[in-house]
Amino acid sequence: MKSSRFLATFAALLTLICLATGVDAEKPTPGYNNAIPAEIMTPDRVETRIGTLEFFDGLPSRATAQKVYDNLDLIRGVETFLNGIPAASMEALRRGMAGMGADSFNKVMITDKLLDSNPLLLTGNTDTVYCSVFLDLKKDGPTVVEIPPKCGPGTVNDAFFRFVTDMGMPGPDRGAGGKYLILPPDYKGELGPRVGGIEAEVDGERYYVSKSTSYVNWLILRGFLVDGKPDAATEMFKKGLKVYPLARKDNPPRMVFIDGSGKNFNTIHASTFEFYEELHDVIEREPVSMLDAELRGLFAAVGIEKGKPFSPDARMKRILTDAAAIANATARAIAFQPRLEGIHYYPNSAWVNVFVGGSYEWLRSGGKGGRYLDARTLYFYLATVNTPAMVEKMVGKGSQYAGAYADRNGDYLDGGKTYKLTIPANVPAKDFWSVVIYDPQTRSELQTGQPFPSKNSKRDNLVRNPDGSVDLCFGPKAPPGKEANWIQTVPRKGWFVILRLYGPLDPWFDKTWRPGEIEPTD
């Protein structure tokens, strides 16, 4: 009796399991002794966006295998482009600076007359004196950077645009100046600095010590205007900036300053097949340890591997050419039609945060969501320099940014139309604020009849409204009486804008102050 009851219960339980798993205990799948769940089977024909895929009992036909391999190589080519943007962008910067003559630690490109719209440089500003130096730690070993007092924000980034250390006001010297020591990735000594650096004594002298993950590193310093002019910052750098190998500290070479203002040069990575060649040069030069195995494996899947030539055959070159075009379009969608959560500063506003996620390491949800890949792509497709000072709440220090690619109605900004942007009074910026407009093609300053497509609260004699606000005007021609507040645009070209606050104050962070929307006035 008990046995019969047990068998009945077991049979009922087995039936429930079969129903729950989709297995029909009564009807074996053809070719099998038992019913096989449909979701683990592969039909003989599968319709997909890449076409019909054909199989014999789950075995792909030769045509199907070729089709999916082409697709796989395309996918990996797209992902290599999107994930490789930081490295390719840094390489393009290095090449551009070297082409200007800034090809050694003691050769500095300086925009002593500010950065105008002639150079192609991702969303550079027209408001500070730039000093740009490339370090080669493989060639020169541990390298010293002496920065003068009152230096503005400065940063060292590695060859993948990762943060190494800050200098100047947001750095450990807090604007007092000091000596920094940058160690190469293969340094094996006693110093073990954390990210951002430590203060330590080396050979009897005090340094702020950092260790990079790469041989090539970019040092970028900024000097603020005084009375709206760059002269004081230029003099500060030319008299006080020194860069030299630690091994040559007793007799450092003379610094050479190369004027970058008004010059035409390119620092932007390719958007075509040549992108992969730029990336290969980086991988070949840098230590294997610079990137993790996952990223190295992705790049190697398309033929970019340290110690091996990058020489794709005709088939692979065609695929990578397509991949670059698709990836470039994807990066542009991420940048100019963003879908990232939290990108908008305010509800129903065009103002966006170009540094989405609040992490200079591009970690999502504090790391629980892994790497915020699209946020990283967005930023490095549009900009350079990676520092915590851009994302952390540093009241009165560092800088904050807001971008807009559309007007109040959500339409792209058109260079043939006229617009107005109101900057309310009491802008929460201890140092100054500025508005610069850019070309969506080059992501560099828009080239117009004005050398500086911008307005700056210190440099420009802006006309203010009775309440202290400022109405900026944009268009191909200045509205009558608005010339002082006018930024020129180009018909049949788009444009976008970045608002910068240097030394941002609490009302920016708590959003009790906000800029107006860009209003069409045609």
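A residue is called buried when its relative accessible area is under 20%, exposed when over 50%, and partly exposed in between, with a 1.4 Å probe and protein chains only. The model on screen is predicted: local features need pLDDT of at least 70, side-chain atom pairs count only at pLDDT 80 or more, and totals for chains, interfaces and linings use all residues. Residues are numbered from 1 along each chain as its sequence is written, and side-chain values use heavy atoms, with hydrogens and water left out.

**First stop: strand β6**

Select residues 143-147, which form strand β6. Helices (H or I, at least four residues) and strands (E, at least two) are DSSP runs, numbered from the N terminus. Five of the five residues of β6 are buried. In a regular strand the side chains alternate between the two faces of the sheet. On one side of β6 are T143, V145 and I147, on the other V144 and E146, and all are buried, which leaves both faces covered.

**Second stop: the sheet around β6**

Two strands pair if DSSP finds at least two bridges between them. Strands of a sheet pair through backbone hydrogen bonds, either parallel or antiparallel. β6 runs antiparallel to β9, joined by five bridges, and T143 has I182 of β9 as its bridge partner.

L181 has V209 in β11 as its bridge partner.

Now display the whole open sheet of five strands, in the order β10-β11-β9-β6-β13 and with mixed pairing. Which strands stand at the edges? They are β10 (198-202) and β13 (242-245); each has a single partner strand, so one side of each is left without a neighbour in the sheet. From one strand to the next the twist averages 35 degrees, where axes are lines fitted to C-alpha atoms, for helices over the stretch in contact, and angles run from 0 to 180 degrees between N-to-C directions.

**Third stop: aromatic rings**

Rings of Phe, Tyr and Trp (its six-membered ring) pair if their centres lie within 6.5 Å; planes under 30 degrees apart count as stacked, over 60 as edge-to-face and the rest as tilted. The count comes to 26 aromatic pairs.

Select F273 and F310, a stacked pair at 5.9 Å centre to centre with 20 degrees between the planes. F273 lies in the loop between β14 (256-259) and α5 (274-285), and F310 in the loop between α6 (293-300) and α7 (314-336), so the pair ties together parts that are 37 residues apart in sequence. Both F273 and F310 are buried.

Then select F474 and W495, also stacked, at 4.8 Å centre to centre and 25 degrees between the planes. F474 belongs to strand β20 (residues 470-475) and W495 to strand β22 (residues 494-504), so this pair ties together parts 21 residues apart in sequence. F474 is buried at 2% relative accessibility, and W495 is buried at 3%.

For a cluster linked by ring pairs, select F134, F161, W218, F355, W362, Y379 and F380.

**Last stop: charges over rings**

A charge sits over a ring if NZ of Lys or CZ of Arg is within 6 Å of the ring centre and within 35 degrees of the ring normal. Select R443 with Y381: the charged end of R443 is over the ring, 3.8 Å from its centre. Select R364 with Y372 to see R364 over the ring face, 4.2 Å from the ring centre.
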